[in-house]
Structure formats: structure tokens, C-alpha cells
Amino acid sequence: MFVDSHCHLDFPDFAGQLPQLLERMRAARVGGALCISVTLTDFPAVLALAERHPNLWATVGVHPDYPDIEEPDVATLMRLAQHPRIRAIGETGLDYYRLTGDLEWQRERFRVHIRAARELHMPLVIHTRQASADTLRIMAEEGADQAGGVMHCFTEDWPTAKAAIDMGFCISFSGIVTFKSARSLREVALQVPDDCLLIETDSPYLAPVPYRGKTNQPAYVPHVAAQLASLKDCSVGEVAAATRSNFDRLFTRCRGADAEAVQSHDLH
């Protein structure tokens, strides 16, 4: 049974398609998915998905790609994260690829998320693109190791992955790892210990081979697992079991009744 650790099912790409998406997940033995918040404005829609469906969970946070929107503060993030369907703080981090100029606001936003996660003892969902040095520096300065979390849709090098792992973070791979051009990323994936590994779609983006170029969805996450299984010379089932165990351990509120609900959903 697979778990998609990062998707955006509230995005317009999926309008009116949720029943079909959930059925395709069931058919592909994807028992759950974490729906990721990117702005405070859209957070209620993300939370509503998790409230309505026992095999979906949510996060609360503001993505680094969005300037000039409502800025989160520690108190707001902590208040919103009290909801029992919230599993993590984020998506947060740094992105120097899409935005240029003075990005101090982005770094301060990242610090706010880490402080909230640390206070709550909740994991972080971290996005980093062409900003690994500053990302790791701020994580260290703000004590992100006290929260832990995941480096999502990882595309950086092994030293960056190792530094994050040393701070208690998992490394999550998306459909990018299946791309022909991603040889160096596959070399990184091979080095990530099994107990630090997660899989995701980041849907609607980054559909894996053989669906590259199409709208991604959680039902496609087994293709990411298959690529990792090939790299690590193990079965797809072993990757599914390891990443599910890591997901449950990291997002601790997924245990108990919620975990049982996922298992029940997967078997029917």
C-alpha cells in the first residue's frame, strides 16, 4: 500500500474530479495522500478535503513562491495547526529559481514556519530550489532539527540530502526521479537510507514516466516507487512498506484510528 506524501488536490486542475481521483487511488492501492497548503487564503479548501475524506490529510503553510500575499505569523500557524486533520507545517522554504531580487521576505517567512513547527513539535514540509545553502543555514539557525520533517520533491545533491537527514529530515522523491535526464538525482536516491525515504507526486505537476506531460495525480505514485525499487534492487512492495512506515512515523497523527481507516480504505 502506497502513500502520496505531497499533492495539491485543491488546485483548479482537479475541479470536479475528486471522486474519480479517489477511485483511481483505491485501484492503484494508494491508501492515503497529504494535501499541501500553499497560501492562507486557500487553506480552508485544503482542510476541507481532509475533513471529508479519512484517507486525506492536510498541512498549513505559505509557499515561498507567493510574494505580496497574507504573511503568516507564528501564532496564526499554531492556531490553524491545532485542527486534528493537520499533519505538518508547510509547504515552506526557499526558491531562488522563480524569484529574484531581495528575497529577505522569503527567508523570514521560512523562519516563521520553522518557529511554529518547533513550538508545536510538528514536522515541516520544506521546498528548496537553487537555494540549498541558505535553506540548510536557516534550518540550522532556527533549530529545525527539533521539528524534523521532509525535504519534498528533492532535486539537490547528496551533501544537501545528507545534511537534511542529519537534522532528522526525510527525503521525498517525485516523478522527476523517473525522467531520463535525472541520472544524478537517481544517484542521490540510491544513497538515501530506506528509513529516510518518502515518495510523492506533487500533483498536478511532474507526472512520472509513462505519464510525463500529463496532469499528475496520487494514483501515479507507485511509478515513483517502482523507479526507487529498481535503483535499490528490491521489490516495489518493499519500497511501499518502507515509505508508508516512514510516513506514519513522521506524521504521527496518522496513527491510531486514522491509520486503521487508511488500511480499511485500501482493502475495500
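Colleague: Which residues does Ile 138 touch, not counting residues up to four places away in sequence?
Modeller: Ile 138 touches Leu 94, Arg 107, Phe 110, Arg 111 and Ile 114. Contact here means heavy atoms within 4.5 Å. One caution: this is a predicted model, where local features need pLDDT of at least 70, side-chain atom pairs count only at pLDDT 80 or more, and totals for chains, interfaces and linings use all residues. Residues are numbered from 1 along each chain as its sequence is written, and side-chain values use heavy atoms, with hydrogens and water left out.

Colleague: Where is Ile 138 placed?
Modeller: Ile 138 is in helix H5. Helices (H or I, at least four residues) and strands (E, at least two) are DSSP runs, numbered from the N terminus.

Colleague: Is Ile 138 buried or exposed?
Modeller: Ile 138 counts as buried because its relative accessibility is 0%. The cut-offs are under 20% relative accessible area for buried, over 50% for exposed, and partly exposed in between (1.4 Å probe, protein chains only).

Colleague: How many residues apart in sequence are Ile 138 and Glu 108, and what is the distance in space?
Modeller: They are 30 residues apart in sequence and 9.4 Å apart in space, C-alpha to C-alpha.

Colleague: Which residues do salt bridges that share partners join into one network?
Modeller: Glu 104, Arg 107, Glu 108, Arg 111, Arg 115, Arg 118, Asp 134, Arg 137, Glu 141 and Glu 142.

Colleague: And how many salt bridges does the count come to?
Modeller: The count is 17. Another one joins the side chains of Glu 23 and Arg 26, at 2.9 Å, N to O. Both lie in helix H1, three residues apart, about one turn of the helix. Why does the spacing matter? An α-helix has 3.6 residues a turn, so residues three or four places apart point the same way.

Colleague: Which salt bridge links distant parts of the chain?
Modeller: Asp 65 and Arg 98, whose side chains meet at 2.8 Å, N to O. Asp 65 is in the loop between S3 and H3, while Arg 98 is in the loop between S4 and helix H4 (104-120), 33 residues apart. Asp 65 counts as buried because its relative accessibility is 17%.

Colleague: Which buried residue has no salt bridge?
Modeller: Asp 202. The nearest side chain of opposite charge, Arg 98, is 7.3 Å away. For charge, Lys and Arg count as positive and Asp and Glu as negative; His and the chain ends are not counted.

Colleague: What joins the side chains of Asp 202 and His 8?
Modeller: A polar contact of 3.2 Å. That term covers a pair of N or O atoms within 3.5 Å; within protein, one must be able to donate a hydrogen and the other to accept it, and residues adjacent in sequence count only if both atoms are side-chain atoms. Leaving aside neighbours within four places in sequence, Asp 202 is in contact with His 6, Cys 7, His 8, His 152 and Cys 153. Asp 202 sits in the loop between strand S8 (197-199) and helix H8 (221-232).

Colleague: Switching to rings. How many aromatic pairs are there?
Modeller: Five aromatic pairs. Rings of Phe, Tyr and Trp (its six-membered ring) pair if their centres lie within 6.5 Å; planes under 30 degrees apart count as stacked, over 60 as edge-to-face and the rest as tilted. Tyr 211 and Tyr 220 are stacked, 3.9 Å centre to centre with 5° between the planes. Phe 247 and Phe 251 are tilted, at 4.8 Å and 50°.

Colleague: Which residues do ring pairs link into a cluster?
Modeller: Trp 57, Phe 247 and Phe 251. Phe 247 counts as buried, at 1% relative accessibility. Phe 251 is buried as well, at 1%.

Definitions and conventions: A salt bridge is a side-chain nitrogen of Lys or Arg within 4 Å of a carboxyl oxygen of Asp or Glu.
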